[in-house]
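Please examine the sequence and the three-dimensional view before reading the points below.

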Amino acid sequence: MDKIRIFIVDDHDIVRDGIKALLMLADDIIVNGDATDGVNLFEILKTNSPDVLLLDISLPEMSGIEIAQKLKIQYPQIKIIILTAEPSEKNIFDSIEVGVKGFLPKNVGKDKLIDAIRSVYEGEEYFDNSVSQIVLKSYIQRSGNIKNNEETTKLTERETDIIKHITKGFTHKEIAVKLFISKRTVDSHVRNIFEKFQFKSKADIIKYAIKNGIVEL
């Protein structure tokens, strides 16, 4: 079985070493590169490319957002997870805008970090529950919590259930367990939801859920 190749970009040795130690516990993940900043990273990428990049948002010379934006153009196949000590509204939305697939606070536990890597590698987006709550609050404040229930008629009951779980930050695997269905079925429903409404990210699903009264804080 091919292992998921990981790069870590953080300017603190103790953080990189700590993440490496945690990921050693996962049989399907291997850390085959790390860098202290964007310049260092892009030099390494000339000869060695990962599947998933764990990227600090606060870095010298070039921010994590700037690095992600550059990667989207030069290495679009690399999936990016942002790790930050400050998951602010601006950082989250800036990350989504540049195509980041996962966003986690640095105090996340080992299991969630590994789940995030696996989920993003398989093509999902992964936003920690605390991050999803920030997105929810932001959209509620922007919309004034105004509801428009007309569009919900396009949803099946199962799709509505899945949207509710997505807004709580659950992965497709976790949703499958909670709804007693297969992960493949969840994947299929999520694809249908994206196609029905032309969503570009799970943030769009959260926005839709709020506007249509599917979920509230």
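This is a predicted model: local features need pLDDT of at least 70, side-chain atom pairs count only at pLDDT 80 or more; totals for chains, interfaces and linings use all residues.

Which residue in strand 3 is the bridge partner of Phe7? The partner of Phe7 in strand 3 is Leu53.

- Six strands make up an open sheet, and their order across it is 2-1-3-4-5-6.
- The pairing of these strands is parallel.
- At the edges of the sheet lie strand 2 (29-35) and strand 6 (126-127), each of which pairs on one side only.
- Strand 1 (residues 4-9) is joined to strand 3 (residues 52-56) by four bridges in the parallel sense.

**A helix on the sheet**

- Helix 4 (residues 89-97) packs on the sheet, where it touches strand 4 (79-84), strand 5 (102-105) and strand 6.
- The direction of helix 4 makes about 155 degrees with that of strand 5.

**The largest pocket**

- The largest pocket holds about 480 Å³ of space.
- Its lining consists of 21 residues, and those closest to the centre of the pocket are Lys72, Ile96, Glu97, Val98 and Gly99.
- Two or more lining residues come from each of helix 3 (64-74), strand 4, helix 4 and helix 10 (202-211).
- Helix 4 contributes the most to this lining, with three residues; helix 4 is also the helix described above as packing on the sheet.
- By residue class, the lining of the largest pocket comprises 11 nonpolar, three polar and seven charged residues.

Note on methods
Residues are numbered from 1 along each chain as its sequence is written. Side-chain values use heavy atoms; hydrogens and water are left out. Two strands pair if DSSP finds at least two bridges between them. Contact means heavy atoms within 4.5 Å. Axes are lines fitted to C-alpha atoms, for helices over the stretch in contact, and angles run from 0 to 180 degrees between N-to-C directions. On a 1 Å grid over the protein atoms alone, a cavity is a set of points where a 1.4 Å probe fits but cannot get out, and a pocket is an open set with protein on both sides within 12 Å along at least five of seven lines; lining residues have an atom within 4 Å of a point. Grid points are joined across faces, edges and corners, and a volume is the space filled by probe spheres set on the points. Ala, Val, Leu, Ile, Met, Phe, Trp, Tyr, Cys and Pro count as nonpolar, Asp, Glu, Lys and Arg as charged, and the others, Gly among them, as polar.
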